[in-house]
Amino acid sequence: MTTNTDKAYLLGLLVGGGIIHGRSMQIVLPYKNWGDLKINPTRGGGIAQDIVKRLDPLWNSTYGMSVYYSIASDWKISSDNISDDLRADLKELGLPVEGEYRTIANIDKLISNLDTYEKKKYFLAGLIDTVGSLAPSHRRFTEQFQIVSFEFKDRNFDLVKSVINLLISLSCTPDQVLWNHPNQHSSIDRYYKNWKKGFKVRVALSDYLLSGGFVFETKQLSAVENSKMQLKSVTTKNKQLSIWGRTCLHSDESSLWLPPYLRGRHFIHYIHLAKFLGVDFPLASNLKEVLENFEKYICPFTLLTKGEKSRIDEIIKTEEYLRKTKYKEITVNINSLCANYPRSQSRLLFGIGQYDGFLCSLVLQGISYVIAATSGEGIMGRRVLGNYIDNIKKHQNPIRKFSIKIFRPDRGTCLLITNGSYAALIGYVNDKFNKSLIKRESEFGFIIKEPKYESCILL
Amino acid sequence: MIDELKERDHYDEIAKALASLIFDNLEKSGKYVVKSLIGEISSGLRTLIANGYDAGEVLKNYSKSVHRLFLDVSILVENKNSGKFEIIIFEIKKGNKLGLNALAQLIGYCLVSKQKFGVLVNVDDGISENFSIILQADPNLTIIDRLIDDTVLRHEIGVMVWNSHTKNFEYTQTAAIKNIPDLVKKIETSLE
């Protein structure tokens, strides 16, 4: 089969939101608030026009199929009788003829058929018209850097990898990728279980507007609206790899939910994971140097886990090295820790030397959490709202006021901060010890061994 | 939002998009050259050749013989192996819904220039209801067989919309040329 631009677009729609059952096809458009008729009726009308005026003729003239729309929790494009032509194309491209596309589709063969710029552009347009989010809240730090985000659920790493490769081939290097992996969604909390929040491939809007396109006029108008917030065109080109902080060894890194080739592997950055999957990511000139010093970017323990004391007790009970650890209360001068902030944030505290211990910034975040959770002020779930230092400083002698006690472990495992109601665990950092746990199996493949209490550093 | 652009303000973007779309949809694009032209076709072709375009003999002769026709946008596709070429004529309209007048004008251009393919394009607007009924009632209205020296020259017409916001062609499902890939297929068959 030779694909063309129209087929490329329609297949992009299918890969983005398609579900095929027997002869019927649905394409789910997860537009949420953006496409909510009550919130934005004008746009809602525009989406209906896009489907009736643009998509229906396109499906008809390409595959001899009529489509219609329905609105429930999401917008849906449906067809009750998919044509033999479409089925034949899907089979020839190795695409499934039954099931939910973005979960099961392997698009390698389809991608190799997208052999021209326009075909690639139209396939991406199909994806962006379904799973591309243009909420103005997608931005890099400020609204001066607007982002368009391709969002996927579930665990189809191959699909996301193919989309990234395609974007790069169109000079739309992603500004950031959020992989559906514990190292990405829970980089500092080893015990956070709800990390399966999906994939986000975030591209600078200016880059996408230069090389990509839309068929939905409503999407195009939103993109133009968002781009007007920027005073000038901004690009991801020439962005340097920058790694902030360490990632902890997450308890789900070997989860059977992950594809077999990712299980047990640790990733310190989204480009690291992309490179492991074989993506030729152009913004990674200094990754090699970073990986040579892998121990400086990891922690085999949780870096910061917060919660009610009962939750932390449960974690200590089930984690062998924490259960065996003996904790001794220490006195902390909170004022001096806060006074030197932010200069002191990367300082290591309560270790045996200058180069080991517990990260000052995380100790302060743990204390701040216990204060906020106990007072019920400035907290949402386990997240302290606003600046955590300000949250500590606004109280006179907060350690005494909130009965906070800090317990140092007898071996380098985790520091425990608690007042009996709420608690936080802070992981021990020691690059030499970290290095002893690392096994490098390939250029980008790293495995971190689980620490044993007996081999942890005596403090 | 007030649209202050005139019809001819869209010629450049339409010509650019067409050249790219047609070239990228050609199955064996390596043997073809695709060029866009705006305005009078005879001098347009001669200027192209004078500026160094290595046209085949058939095209060179055609550029000398074709009548002066003021076309909005036309796309030249030349098969460099065989020397065969097609010029696809795009008649652009803006402001009013497409109707019989515009179709008649385009058919006239195709007949006079002896070119097989023509596409009627409305910018940001569709076709009138009456025109749509006429086209759908008689599908052969956009297929014209003309006998020239005992040879049948078939003209086929398309009716499309240029969306100036998304920079895409949209389809009306009313004419012989259904969509851009269909047009490209017809060009390739003709130039085999």
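Guide: Contact here means heavy atoms within 4.5 Å. The model is a predicted one, and we can read it residue by residue, then chain by chain.

Visitor: Then start with R190(A): which residues is R190(A) in contact with, leaving aside its neighbours within four places in sequence?

Guide: With those neighbours set aside, R190(A) touches C248(A), L249(A), H250(A) and S251(A), then P300(A), F301(A), T302(A) and T305(A), and also E319(A), Y321(A) and E450(A).

Visitor: Does R190(A) count as buried or exposed?

Guide: The cut-off for buried is under 20% relative accessible area. R190(A) has 3% relative accessibility and therefore counts as buried.

Visitor: With which side chain does the side chain of R190(A) make a polar contact?

Guide: The side chain of E450(A) is the partner, at 2.9 Å.

Visitor: Chain B has E86(B). In which strand of chain B does E86(B) lie?

Guide: E86(B) belongs to strand β3, which covers residues 85-94 of chain B. The relative accessible area of E86(B) is 5%, so this residue is buried.

Visitor: What polar contact does the side chain of E86(B) make?

Guide: The side chain of S190(B) pairs with the side chain of E86(B) at 2.5 Å. Beyond four places in sequence, the residues in contact with E86(B) include I75(B), L76(B) and V77(B), then Q115(B), K116(B) and F117(B), and also I187(B), S190(B) and L191(B).

Visitor: Now backbone angles. What phi does S171(A) have?

Guide: S171(A) has a positive phi, about 65 degrees, although it is not a glycine. Its place is the loop between α7 (157-169) and β9 of chain A. With a relative accessibility of 39%, S171(A) counts as partly exposed.

Visitor: And what phi does K114(B) have?

Guide: K114(B), which is not a glycine either, has a positive phi of about 60 degrees. This residue sits in the loop of chain B between α4 (100-113) and β4 (117-123). Its relative accessible area is 46%, so K114(B) is partly exposed.

Visitor: Next, distance along the sequence against distance in space. How far apart in space are L178(A) and F199(A), C-alpha to C-alpha?

Guide: The C-alpha atoms of L178(A) and F199(A) are 5.3 Å apart, while the two residues are separated by 21 residues in sequence. L178(A) lies in strand β9 (residues 176-178) of chain A. Not counting residues up to four places away, L178(A) touches Q184(A), H185(A), G198(A), F199(A) and K200(A).

Visitor: What share of the residues of chain A count as buried?

Guide: Of its 459 residues, 57%. As for contacts in chain A with a separation of 6 or more, 69% come from residues 24 or more positions apart. Chain A carries 62 positive and 46 negative side chains, with the centres of the two sets 7 Å apart.

Visitor: In what order do the elements of chain B run from the N terminus?

Guide: The order is α-β-α-α-β-β-α-β-α-β-β-β-α. The radius of gyration of chain B is 16 Å, close to the 16 Å that the globule rule gives for 192 residues, so chain B is as compact as a globular protein of that length. Its C-alpha trace spans about 45 × 40 × 30 Å along the principal axes.

Visitor: How many positive and negative side chains does chain B have?

Guide: Chain B has 23 positive and 27 negative side chains, and the centres of these sets lie 5 Å apart. Its accessible surface is about 9,100 Å², with 49% belonging to carbon and sulfur atoms. Buried residues make up 54% of the 192 in chain B.

How values were computed
Residues numbered from 1 in each chain as written. Chains lettered and ligands numbered in written order. Predicted model: local features only at pLDDT ≥ 70, side-chain atom pairs only at ≥ 80, totals over all residues. Heavy atoms only, no water. Helix = DSSP H or I, 4+ residues; strand = E, 2+ residues; numbered from the N terminus. Buried < 20%, exposed > 50% of the residue type's maximum accessible area, 1.4 Å probe, protein only. Polar contact = N/O pair within 3.5 Å; in protein donor to acceptor, adjacent residues only side chain to side chain. Rg over C-alpha atoms; globule rule 2.2 N^0.38 Å. Areas by Shrake-Rupley, 256 points an atom, 1.4 Å probe, with all protein chains shown as cover. Lys, Arg positive; Asp, Glu negative; His and termini not counted. Charge placed at Lys NZ, Arg CZ, Asp CG, Glu CD.
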